[in-house]
Structure formats: structure tokens, C-alpha cells
Amino acid sequence: MKDNWLKQGYIDVDDWRKDMNYPSEARRKQKAVAAIECFQEIPCNPCRDACPAGAIVLHGLVERPKLMEDLCTGCGLCVAVCPGQAIFLVEERERHARITFPYEYVPLPTQDMMVEAVNRAGETVCQGRVLRVAESKTMNKTRLVTLEVPLRWADEVRSMKRLEGDHENG
Amino acid sequence: MISMKQCELLVVGAGPAGLGAAIEAARLGVSVLLIDENDTAGGQLFKQIHKFFGSKEHYAGTRGFQIGQALLREASALGVEVMLNARAVGLLDDGSVAVQYGKDLIQIQASKLILATGAKENAITFPGWTLPGVMTAGAAQTFSNVYDTLVGKNILMVGSGNVGLIVSYQLMQAGAHIKGLVEVLPAISGYGVHAGKIKRAGVPIWTKHTVLEAKGKRRVEEVVIGEVDDQRKPVYGTQKTLEVDTILLAVGLTPRVELASMAGCRLGVERILGGHLPVHNQEMLSTKDSVYVCGDLAGVEEANTALDEGRLAGTAAAEALGYSDAKTADKKRCLVEGLHDLRMGTFGEKRLDCKSRVIEKWSCV
Amino acid sequence: MGNKKEHPIVDFVETELVQVTVDGKPLWVSEGKPIAAALLQAGIDVFRFTEKRKAPRSLFCGIGQCNDCVMVVDGIPNVRTCVTRVQAGMVIETQMGLGKLGDINETM
């Protein structure tokens, strides 16, 4: 797994499904749950401190975070604080999945907008409907965008294509 | 006109390391003069607009420039005297420091000296590398994040270390297009999570590739890139031309050792830490007993280690000046342990080895 | 090259516009920005030409270390434009070669 991920810059979806932090099917279907895609030993632990439920176990500084999925409430505080932007929320409904990811570009999408949902490689895999764009002072300018996408793309969609029309010459 | 100035502790360089040193020394009661050649303090912190790694103690999850603001407030509250536009140009025989301050030359006599002069960015050369539009990644980062000025629209990034990855991301945040990133090594060298951010934004990352030529009349108009073999030699027939207006070099940093060298500090060489650097002991003392070194000068790492090395140097220098309290020994121990933790894990281990060697070299002098 | 309207992270403070002269032409720029930033925003990206080959040079390190971006400012050659901030009325000129001493003696 590691070799491939260091060559291409992202993890293959099959490897993600084998990862210790891949949430169980039962949990994914219950309600939103954190998908912690942090695969290297990095000296970093704010996700653990941000979790009000104590659902992230990480001893010391460099250990990989481990999610206790039964404790996770899907609040998304870890998603916003993670400096690596490596945490997402996944919730699986009957036919759709809701994917929440950190977003730090302008212009921001707005609710109900249809956008291009992209995978870890930045490729458009399907259309997604924007359910929510959350921001707060604690999140310190990182917005959390929640997209609704067809269920089959639940393990793939991790962001959206940047919207055009920003930053034009003033 | 040469005027004289005296202080107990002079800190050269007001980046994270220098600020950390000044803050901890001032906290123990030392009168500290902190000088910097720039017209603002904070070093390179103010161009870091991403959230930092680390722990609560390192303000993890806070953006770099916000950490800079917090450190400046703390230094000011503790009474650190900050002198800007003040460039340490040399060390005199009596141990005093010659400082160019505007048009004046000032001679500063300090009992202890902490050098936190940072690092400079490296460059690689190729035909066309002097064309306008070829510059360091740090230059583009400074101009975009501090001065609200994009240096280009269509950009090729060279180097996949954390600087190359983070600056690519930040320039996209400001509206630029990153047409691709080349890395001469077979794998991405920065953190995977930083690579993940620019991959999700669709940036091609070409490993085992390098820049062969920049083309353009008065500025960069095109870049030719190509694959390299295991000996890093270009592979014939793999050239690819991209239309870009800017080529950014993120190919490592080198400690700025000039002052340390002038002070007579013994230098060692650690390639992973950027090349020549002053050897030092566990508490950041150089081989000269009144000169401490910290931050990128003492080996290029990142802002968290720079800050903690600075805090350690400041605490140790204060103690040597006779300022300490019941908590000082404990504080130093915590900082030493914290620095050790920051150098754990897949990425830190090599730096940990280098640092152990540096400390060993110091004890052999 | 571009003047941004909006940034997702940084709240840039807009400064007043002041007039400077660049190679004899008037130019309005944001006060307090480095000369190099003001010029790049105005689409001016060649700051000097080298002595021997007359090759164009521009911004390189951006923090005052490499001296590639120097220009003649108020008659003084070799001014690092990446760390020198614009002021109203500044006279900025593309530097040819090493620059002439000009008014520099007055300042010494």
C-alpha cells in the first residue's frame, strides 16, 4: 500500500477498505462517522484533542489516530481541525451517501448547488448535491461541505471540483 | 557614526526560533534585545497560512500567521526589546556584534548571544533558469500570502517536499493553476496528507521527472520536463512541454551559518538537515560558550522544532546568566523531550539521527 | 500578475493608492507593498537587465537575500525591490547592468 500511495499521492480505494480506520458497514449506515485517512506517523494530535466524545485514540504525538467508531458522534470537529485535511465524514443512506470534507477555496458552493464530486485523485466521478456548507469561528476559515452522492461512490468521493469565476483581476 | 549598545542577551533573527528564545529568556527576567533585518518580526511564520501540525503546546490546528501574532504579543508583554531593520553584519574581535541599523552602524555588546538566523532556499539550474518567472517557492508564497500578489497564473512546481506541496495548495487558494509538480525522486518526499490535498484538486504529480529547460523571451512561456532514470539522468524521448508562466523551485533549504561561522562556532555537515550547520549540545549551546544556536540555522526542520529549540536556547542562556527558578530544570527537560517527540515517526527518525550526531560531535570538541 | 478580490483564508487590509513613477510613467500602487509586488500586480515583470548579456531579471527569493530583483529607486541603484516598500512619489527605474552611482554619494 505504502509504495503506491507515496508515488501517486493518495490511497487506492481498496487499500482504504482494508485500513483499520475504515468504518464498519453497520456504523456507516447508522449515522455520519469520521473516516480518518491519516496513514503516516506524523507529529500531530489535534484531532484527538478536538473530539468531545473521546473517540480518537492517539498516544503521544506521532502515533496514527485510531477511531473508536461506537463513540464517534459524527460532529465533524476533527474534520475541521486536522491540519492534513485527512478526515472526512461518511454517512450511508438507502440510495445515497453523504460525504463531508474540508474546503478552503473560494467561491464557496451554496446549498442545493449541483457540483462535480471528485475522488482522491481529483477526477470527477459523479454529480453531487450540496447539502450544507458549515463554518464557525472554531473552524478558523476551514469550511465543511457536505455533498449527497449516489451510494456507490461513498468510498470514493472526497472533495469537489473547484468552482470557477473567482480571483479575477481587480 | 558608530554607537554602542549593551544588553544581557542579544537574539539575532525574529522568526519562530528567535521569538521562542527571547520569550523564554525574558520570562526568567533577562533583559533581551531581539534584532531582525526585516521591517516586520515573525520571520517566515506570516507566510504560513495553513494549520500547523503538532500538539496543543505548539498551537496545533492554528494557522502559522496566527501563531506568529500570538508570539509577538507574548514577546511584547514580557518586555522583549525588538529592533527591526537591524542587520547583524559581523562579529567583532571583542565578541560584540556589528549591526547595520538604517544608515547607522551600531555595536552591540551582549553577555550571551543566540543566533536564530534561519535558512535560505536552494535553487537548481537548467537552461533558462534565470528568466523572469523562475523563482523560489518561498518567494511565491510570501508574495501571495503576505502581499496579496500572485506571481503567476499557470505554474509548474519543482520538488515534492512539504514546501512544494503546501505552496502549491496555497497558490491554488489564491486562484492560480498548478499545471503539475515534478519530483526527481521515485516517491513524494513530503507528507502524504499534503500531497492528498493537491491531488484532490487535480494537480498531476510526476515522480522521477525533472525540469529540462525553461523557454521564453522576456519571461517564462514554456517549460520542458522529462523523466529521469535511476541515476537521475534524463531519459531520451520522454520530454513534455507545458505552457506555464512561472516555475517555482522547492528544492530544499540551507542554514544561514555566516554569523555562526564568524563567531568561531564549529560547523558540521548533515545533508538531511541542509548541509553545514553549527554543532551544538542538547541545550543548543554552540562550541563557543557564549553563543547559542537554534531553529533552521541549527539544522533545517520545521517551525514547531524551531520554536522549541528557541525556547530551549533561551532558557539555557538565561540560566547561564544566573536567571532561573524552581521550574527551570523541569522546563528544559520537557523541551528536550518534546523535541525528541517531534522527531519521531517515519519522517522524523532521520532528523533525530542527525541531531544525535550533531550533539555527539559537540561533545568531542 | 493578478490582483485578487477574495481569499479564503487571509483578510487582506486594503491600503490607499499612491502614485509612483516607473520608467517615466505614472503608476498608482497600493501603499506599503514591496515595490516588486506593486510592479508584478501592474503586469511589470522585468526589473533589470544584466551587465554582460543584457538578460532580463525579476523576483527570485522574495525575502531580500538574493539581490536578483534590484532596481534604481530615487536615483539609488541596487535597491532590493522585494523588501523595499513603495511610498508616494517614488521614482523607480529598470536597472541596466550594475547601475550608475548617481545620487548614492549623498546618502553615504
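1. Let's start with salt bridges. A search of the whole structure, over all chains, turns up 40 of them. The term covers a side-chain nitrogen of Lys or Arg within 4 Å of a carboxyl oxygen of Asp or Glu. Side chains of opposite charge can pair when their charged atoms come close. Before you go further, note that this is a predicted model, where local features need pLDDT of at least 70, side-chain atom pairs count only at pLDDT 80 or more, and totals for chains, interfaces and linings use all residues. As for bookkeeping, residues are numbered from 1 along each chain as its sequence is written, chains are lettered from A and ligands numbered from 1 in the order in which they are written, and side-chain values use heavy atoms, with hydrogens and water left out.

2. Take a look at A:E92 and A:R28, a salt bridge whose closest N and O atoms are 2.8 Å apart. A:E92 sits in strand β4 of chain A and A:R28 in helix α3 (residues 25–30) of chain A, so this pair ties together parts that are 64 residues apart in sequence. Helices (H or I, at least four residues) and strands (E, at least two) are DSSP runs here, numbered from the N terminus. Both A:E92 and A:R28 are buried. That word means under 20% relative accessible area, while exposed means over 50% and partly exposed is in between (1.4 Å probe, protein chains only).

3. Chain B has a salt bridge between B:E270 and B:R357, again with the closest N and O atoms 2.8 Å apart. It links distant parts of the chain: B:E270 is in strand β18 (residues 267–270) of chain B and B:R357 in helix α9 of chain B, 87 residues apart. Are the two partners buried or exposed? B:E270 is buried, with a relative accessible area of 4%, whereas B:R357 counts as partly exposed at 40%.

4. B:E309 belongs to helix α7 (residues 303–320) of chain B, so the pair ties together parts that are 46 residues apart in sequence. Both B:E309 and B:K355 are buried. Elsewhere, B:E24, B:R27, B:E74, B:R311 and B:K331 are joined into one network by salt bridges that share partners.

5. Now for the place where chain B meets chain A. The contact (heavy atoms within 4.5 Å) takes 39 residues from chain B and 41 residues from chain A. The area buried between them is about 3300 Å², and carbon and sulfur atoms give 52% of that. Buried area is the accessible area (1.4 Å probe) that two parts lose on being put together, summed over both.

6. What joins the two chains? Across this interface there are 2 salt bridges. In one between B:K56 and A:D49, the side chains meet at 3.9 Å, N to O. On chain B's side, α4 (162–173), α5 (192–200), α8 (328–342) and α9 (345–364) each give two or more residues. The largest share, 8 residues, comes from α5(B).

7. A polar contact also shows up inside chain A. The side chains of A:T146 and A:T100 are joined by one of 2.8 Å. A:T146 is found in strand β8 (residues 143–150) of chain A, and counts as buried at 13% relative accessibility. Leaving aside neighbours within four places in sequence, A:T146 is in contact with several residues, including A:I99, A:V130 and A:L131.

8. A cis peptide bond joins A:V106 and A:P107, with omega about -5°. A:P107 lies in the loop between β5 (96–103) and β6 (114–118) of chain A. A:Q85 has a positive phi of about 50° although it is not a glycine, and A:Q85 is buried at 7% relative accessible area.

9. Finally, chain C. Its secondary structure comes to 2 helices and 9 strands. Buried residues make up 50% of its 108 residues.

Definitions and conventions. Polar contact = N/O pair within 3.5 Å; in protein donor to acceptor, adjacent residues only side chain to side chain.
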